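Welcome! Take a moment to look over the sequence and the model, and then we can walk through them together.

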Amino acid sequence: MLATGIADPFPDIDGLHECLGISAFICPDCDGYETVGKQTGVIGRARQAVQMANALSYYTDKLQLFISSTEEETADVDSAKNSSYPCCFEPVVSLEHQAGEVRCLHLATGEQVELSRVFLAFPGARAQSHLLRAFPVEMNEKGHAIVNPRTKETSYPGIWAIGDVAAHSQQVAIAMGDGSQAAIWIHKRLLQQD
């Protein structure tokens, strides 16, 4: 049973890893409530940052975007500039924090921006399915293993895949349920072999 999940892209910002899951997040569905009444920064590519801010606007109107986009993303940058959110285009170099609680962002210019929550909005999360490459397992266009919805078995008999390596649900509870479901079918297969 493979349960290797996905790898999210994280920018190289000092202090970020100490804040992940405490005051820096990647999922507005799971952690958006953390922003209620708090100054929140969204760090990311222009299009994804606007989308993240739109999702977080349900919880707070204290949002600011910190855009790190390439020249090829001109239309997305223009869209961010025309959004209702204040935008900063200076690179974020560090997060000042206390025990993982963000206090402020430090920009490349030396400027400091006081915040208490940060969300990351970068494209490029990828399925950790490289262990399956040695087998003829059917995969979708994003590299997730396609599984039988009832048994969680892949197209290659005897290999099961659960959680984000398969369904891309990004929920621990769902991955745990997938694991329980797959375990039942693995047990049934072992009984057949006996």
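## A pair of strands to begin with

In which sense do strand 3 and strand 4 pair, and over how many bridges? Strand 3 (residues 40-44) and strand 4 (residues 63-67) pair in the parallel sense, over five bridges. Strands here are DSSP runs of E with at least two residues, helices are runs of H or I with at least four, and both are numbered from the N terminus. Two strands pair if DSSP finds at least two bridges between them. To find one spot in this pairing, look for Gly44, which stands opposite Ile67 in strand 4.

Before we go on, a word on the model: it is predicted, so local features need pLDDT of at least 70 and side-chain atom pairs count only at pLDDT 80 or more, while totals for chains, interfaces and linings use all residues. Residues are numbered from 1 along each chain as its sequence is written, and side-chain values use heavy atoms, with hydrogens and water left out.

An open sheet of three strands has antiparallel pairing and the order 6-7-8. Strand 6 (92-98) and strand 8 (112-114) each have a single partner strand, so one side of each is left without a neighbour in the sheet. From one strand to the next, the twist averages 25°. Strand 7 (residues 101-107) pairs with strand 8 in the antiparallel sense over three bridges, and Cys104 stands opposite Glu114 in strand 8.

Now turn to helix 3 (residues 46-56) and helix 4 (residues 74-81). They pack at an angle of about 35°, with their axes 8 Å apart. The axes are lines fitted to C-alpha atoms, for helices over the stretch in contact, and angles run from 0 to 180 degrees between N-to-C directions.

Helix 3 makes this contact (heavy atoms within 4.5 Å) through Ala46, Arg47 and Val50, and helix 4 through Asp76, Val77 and Ala80.

## The whole chain

Stepping back, the protein chain has five helices and ten strands. Its C-alpha trace spans about 70 × 35 × 30 Å along its principal axes. Of its 194 residues, 41% count as buried, that is, under 20% relative accessible area with a 1.4 Å probe, protein chains only.

Technical notes. Buried < 20%, exposed > 50% of the residue type's maximum accessible area, 1.4 Å probe, protein only.
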